[in-house]
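Please keep the sequence and the model at hand while reading.

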Amino acid sequence: MSNPDADSDQAETAPAPQAPVRRLRRAERREQILDAATRAFARAGYAATGLDDVATEAGLTRAMLYRHFDSKADLYRAVLDRACVRLAEATGVDDFDENTLPAMIRAAAADPDGFRLLFHYAAREPDFRDLIDSITAASREIAHRNLATRIPEGPWLGWAANLIPTLTIEAVIAWLDAGQPDPDQAADRITQAVHGVMAAAHPSH
């Protein structure tokens, strides 16, 4: 008996000669496509990456991609949404504590392409900027709430609350770009930079 959740075109192949496409359940095939799309978009960017590039990366046909996603924009949005969900699952969404930064570093190391797409590439694409803007706004609100117990109310509190989330993300991406050195110490090193911002935000004596 056939599996209704499996792709029905098991014999379809990508344009280049290769082995028949392995039969996968629909959810597994979708994850395979998202993995390939994440790599392809991170390598060349959204504008320069076509569905044929994603299909080649996944070892599938363009037609098979259309069975799971309506368009390139739909696929890119799904890539960003998955990266966002993975990060939220790793770090939580309601508060920051001493476990948040180590969890963020682990999530970035596990999916560096997805992390870069979410925080660097999406910010440059007007059609997808809303996602990163919502993440940024939520991060600033949480930072402001946490920092308010340490920094007096005023413009420097707002400055620190705006800067620290951006600094943290950029520090993690710079760490990825540097080859992920000393992963056990990365969180402590980035925390030192965050504490520097907090110290600078305190009023001068």
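## A pair within helix α6

R116 forms a salt bridge with D113, the closest N and O atoms being 4.0 Å apart, where a salt bridge is a side-chain nitrogen of Lys or Arg within 4 Å of a carboxyl oxygen of Asp or Glu. Both R116 and D113 belong to helix α6 (residues 112–121), and they stand three residues apart, about one turn of the helix; helices here are DSSP runs of H or I with at least four residues, numbered from the N terminus. D113 is partly exposed, at a relative accessible area of 24%, on a scale where buried means under 20%, exposed over 50% and partly exposed in between, computed with a 1.4 Å probe on protein chains only.

## Basis of the values

The model is predicted, and local features therefore need pLDDT of at least 70, while side-chain atom pairs count only at pLDDT 80 or more, and totals for chains, interfaces and linings use all residues. Residues are numbered from 1 along each chain as its sequence is written, and side-chain values use heavy atoms, with hydrogens and water left out.

## E57 and its two arginine partners

E57 takes part in a salt bridge with R39, for which the closest N and O atoms are 2.8 Å apart. Because R39 lies in helix α1 and E57 in helix α2 (residues 51–58), this pair ties together parts that are 18 residues apart in sequence.

E57 also forms a salt bridge with R43, with the closest N and O atoms 2.7 Å apart; here R43 is the partner in helix α1 and E57 again the one in helix α2, so the pair ties together parts 14 residues apart in sequence. In accessibility, E57 counts as partly exposed at 26% and R39 is likewise partly exposed at 35%, whereas R43 is exposed, with a relative accessible area of 57%.

Across the whole structure, a search finds 12 salt bridges. A network of salt bridges links E31, D35, R82, R86 and D111.

## T38 in helix α1

T38 is found in helix α1 (residues 26–44) and is buried, its relative accessible area being 4%. The side chain of T38 reaches the backbone oxygen of L34 at 2.8 Å.

Leaving aside residues up to four places away in sequence, T38 touches V79, R82, D111, D113, G114 and L117, contact meaning heavy atoms within 4.5 Å. Among these neighbours, R82 and D111 are members of the salt-bridge network, and D113 is the partner of R116 in helix α6.

How values were computed. Helices (H or I, at least four residues) and strands (E, at least two) are DSSP runs, numbered from the N terminus. A polar contact is a pair of N or O atoms within 3.5 Å; within protein, one must be able to donate a hydrogen and the other to accept it, and residues adjacent in sequence count only if both atoms are side-chain atoms.
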